[in-house]
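Please read each point alongside the sequence and the structure.

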2 protein chains.
Amino acid sequence: MVRRLHRTGKKAGAMTQAMFDVCGVGNAIVDVLGKADEGFLARHALAKGTMTLVDAARIETLYAAMGPGVEMSGGSAANTLAGLASLGGRGAYIGKVADDQFGRVFAHDLRAIGVDYRSRPVAGAEAPTARCLVLVTADAQRTMQTFLGVSVTLGPDDIDPEAIGGARITYLEGYLFDREPAKAAFVKAAEIAHAAGRKVALTLSDPFCVDRHRAAFQHLVHGHVDIVFANEAEIVSLYEARDFDGAIARLRGQCEIAAVTRSGEGSVVVAGATTHTVSAEPVARVVDTTGAGDLYAAGFLYGLTQGRDLPTCGRIGSIAAAEVIGHYGARPETALARLVAARLR
Amino acid sequence: MVRRLHRTGKKAGAMTQAMFDVCGVGNAIVDVLGKADEGFLARHALAKGTMTLVDAARIETLYAAMGPGVEMSGGSAANTLAGLASLGGRGAYIGKVADDQFGRVFAHDLRAIGVDYRSRPVAGAEAPTARCLVLVTADAQRTMQTFLGVSVTLGPDDIDPEAIGGARITYLEGYLFDREPAKAAFVKAAEIAHAAGRKVALTLSDPFCVDRHRAAFQHLVHGHVDIVFANEAEIVSLYEARDFDGAIARLRGQCEIAAVTRSGEGSVVVAGATTHTVSAEPVARVVDTTGAGDLYAAGFLYGLTQGRDLPTCGRIGSIAAAEVIGHYGARPETALARLVAARLR
């Protein structure tokens, strides 16, 4: 604990002079949203509710087979930054797009909401901007097939020291953690952040990704991360635990704060010896669960940067998540700041 | 009238053996939908409710200034074909895209709903696929800024004789009628259709386009077109009439059928000496009027190809239009066939 307190600095001066509340690092993706039925998932052997990485040929096959789509900017950490902006927070984002139409869409949509997008499009990139086919079934579940394109080339050189050092919290997206250069980029970002007296947050993103890189993820969480976001499956996978409580017992004390989401059952926030249970926000009709975790993180991080207590941070996360699952798409359609002001009264 | 009856053939045999119910010819466009407030329209001198053609530089300026967007396939005639497919009709479409990401989106979305998209992407095109910024204000009005890109290069060589000759009705989009090659393409399409004993429909699309090419439009309507779609402003512009009734008086007898939409007041269908008044379908909440005219035409044309009487054709048009103005975007989100079956009972 001494190490951690020292490392995270408690430098109130540095924290208040931050340029940004949060700087996100993630896969820059344009989502292609379409409705699908169970038969479609079965025919194409898609596991409902999961995210699968696919290659260029496979995404073309699936795209040709799916129904009409709607294109929207996505990417887990970018959605979180969009949520943060909608709450009134100041954000920056690092993630790579190609110099193509989807890349321009992605960059526009972030800048249009006031997020400082720090990465330049990769000129003459061999791969296009990343795309994710988001297939939404009638039960509001989303099944994602992602072709990462140029986004996977993110490495240490893409880490912008000014943005990272100038953000109260650097937020790392676990989805990126499949390749060595991205792992090195994460460590570099964490070191810059901590040297500047900032905090580092990580979302585990995906139980399969955690499964592929368990030791490296544990090392990252235990050695470089102050705030962890995860859902039940991810945290259980991280520790190969028997159940949720077993996983929480392992995680406790390994980082300052862990916020674990449990879908309709809300979330659990663990900090030192204390545990806060946060209920889910009621939703009139769940339409599309895409972005629920991303928006929970947005609300939670916004609360932290505003100095709110942990139960309130969780509550803001729940409110933001509830908004995004009430419509198609993974970014808020309502000004979250107003929503939160009304609900927290 | 003898000319017309002869020309349109009344060849029941040919009509029943058609490959397609409708073949559309239009500008192939991807819409970029975003919310805007009145201040935005004022600052950029945009006339609410209209469609303005803009160049590449202007669309970049407006795009950079607007809020986050959602990309959806659009194009007036293409939206009509999407509506026709949703009603259960068989459609084909002719309209040009570039070999770029938006072009692939446009092609995919048409094919995914079963429309036979006849045009190949233009390889190495100097201009990209057309884009339209659709700015939706809180009053559900849409203001459109269109950069036509490669779509304006449509000419007589792009008219597919097989699709046109094989469709019960060829549907021409007035928006295209700004350039000489497109005018020649329209005449060629009409001649092929009539030679095959088919019908030709035209939508006037835009009062300003009608204003720019009044004589040519009148010549087209009077000489080559059997079915005309228009709204009040367009039909008044076509004849520089004092009012709606004056315009209808001029139009009557110049074509077999004219269907004129009047927004919330429904539509008027004129055929020979008869006039049918069709009421608008109730809508719980008008969200975005984009595509209302396109979907009215879809319903009307579908009714015609199914041999329904003119009031019923108008009614199907109203039902289809009501669906599309109840949500964002210009293509149906609901299976229109089911909706019509339920409402027409």
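1. Chain B has 17 residues in contact with 17 residues of chain A, two residues being in contact if their C-beta atoms, placed from the backbone, lie within 7 Å. This is a predicted model, in which local features need pLDDT of at least 70 and side-chain atom pairs count only at pLDDT 80 or more, while totals for chains, interfaces and linings use all residues. Residues are numbered from 1 along each chain as its sequence is written, and chains are lettered from A and ligands numbered from 1 in the order in which they are written.

2. On the side of chain B that touches chain A, the elements giving two or more residues are β4 (70-73) and α6 (101-112) of chain B. Helices (H or I, at least four residues) and strands (E, at least two) are DSSP runs, numbered from the N terminus. The most is given by α6(B), with 6 residues. By class, this side of chain B has 9 nonpolar, 5 polar and 3 charged residues; Ala, Val, Leu, Ile, Met, Phe, Trp, Tyr, Cys and Pro count as nonpolar, Asp, Glu, Lys and Arg as charged, and the others, Gly among them, as polar.

3. Helix α6 of chain B includes Arg104(B). Arg104(B) is partly exposed because 18 other C-beta atoms lie within 10 Å; a residue is buried if 20 or more other C-beta atoms lie within 10 Å of its own, exposed if 12 or fewer, and partly exposed in between, with C-beta atoms placed from the backbone. The C-alpha atoms of Arg104(B) and Gly91(B) are 19 Å apart, the two residues being separated by 13 residues along the chain.

4. Glu240(A) has phi near 45 degrees and sits in the loop between α11 (232-238) and α12 (244-251) of chain A. Glu240(A) counts as exposed, since it has 12 C-beta neighbours inside 10 Å. For Ser263(B), phi is about 50 degrees, and the residue lies in the loop between β12 (257-261) and β13 (267-271) of chain B. With 15 C-beta neighbours inside 10 Å, Ser263(B) counts as partly exposed.

5. Within chain B, the axes of helix α5 (residues 76-87) and helix α15 (residues 336-343) come within 6 Å and cross at roughly 65 degrees. Axes are lines fitted to C-alpha atoms, for helices over the stretch in contact, and angles run from 0 to 180 degrees between N-to-C directions. Gly83(B), Ser86(B) and Leu87(B) in α5(B) meet Leu336(B), Ala337(B) and Val340(B) in α15(B). The residues of this contact comprise 4 nonpolar, 2 polar and no charged.
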